[in-house]
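Here is a short report on helix packing. Look over the sequence and the fold, then read on.

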Amino acid sequence: HPASCKDSIPCSQFLRLRHICAQGEVFHTSSSEMFSFFRKRGFPSSIIDEALTRVASILFCSALAPPPPRLNKSPGLYIPLHQVQHPLHHSPTLPPPSM
């Protein structure tokens, strides 16, 4: 997996924890346990610290809200699918072509 994918795991898990823990004290205790878990799994402290700092600044009520829609959607993100039907190939639901 790419490094960006691996580095986003602590942030997403801390955010998940933020969704679960309504009280700040519970989040603080649980996040320190999660921090230790990530360190034991070999994640760099800088990545974990950055993720925890980012998520800790989010209030519980705003953590439950859906993210705002992205405004800068690029049309190049989608690959169109083109299918060509050949007259000799037929669908299993249609009768075969007459020759």
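## Serine 31 and its contacts

Beyond its neighbours within four places in sequence, serine 31 is in contact with Phe14, Leu17 and Leu52. This model is predicted. Serine 31 lies in helix α2. Its relative accessibility is 3%, so serine 31 counts as buried, the cut-off being under 20%.

## Helix α2 against helix α3

Two packed helices are described by the angle between their axes and the distance between the axes. Helix α2 covers residues 24-40 and helix α3 covers residues 45-56. They pack at an angle of about 160°, and their axes are 10 Å apart. The angle therefore makes α2 roughly antiparallel to α3. Their crossing is right-handed.

From α2, the contact uses Phe27, Ser31, Phe35, Phe38 and Arg39. From α3, Ser45, Ile48, Asp49, Leu52, Val55 and Ala56 meet them. Sorted by class, the contact of α2 with α3 has 7 nonpolar, 2 polar and 2 charged residues.

## Helix α1 against helix α3

Helix α1 spans residues 3-20. It packs on α3 at an angle of about 30°, with the axes 9 Å apart. The crossing of α1 and α3 is right-handed.

On the α1 side, the contact is made by Asp7, Pro10, Cys11, Phe14, Leu15 and Arg18. On the α3 side, Ile47, Ile48, Ala51, Leu52, Arg54, Val55 and Ala56 take part. What is the make-up of this contact by class? The contact of α1 with α3 has 10 nonpolar residues, no polar residues and 3 charged residues.

Notes:
Residues are numbered from 1 along each chain as its sequence is written. This is a predicted model: local features need pLDDT of at least 70, side-chain atom pairs count only at pLDDT 80 or more; totals for chains, interfaces and linings use all residues. Side-chain values use heavy atoms; hydrogens and water are left out. Axes are lines fitted to C-alpha atoms, for helices over the stretch in contact, and angles run from 0 to 180 degrees between N-to-C directions. Helices (H or I, at least four residues) and strands (E, at least two) are DSSP runs, numbered from the N terminus. Angles under 35 degrees count as roughly parallel, over 145 as roughly antiparallel, 65 to 115 as roughly perpendicular and the rest as oblique. A crossing is left-handed if the near helix is turned anticlockwise from the far one by less than a right angle, and right-handed if clockwise. Contact means heavy atoms within 4.5 Å. Ala, Val, Leu, Ile, Met, Phe, Trp, Tyr, Cys and Pro count as nonpolar, Asp, Glu, Lys and Arg as charged, and the others, Gly among them, as polar. Buried means under 20% relative accessible area, exposed over 50%, partly exposed in between (1.4 Å probe, protein chains only).
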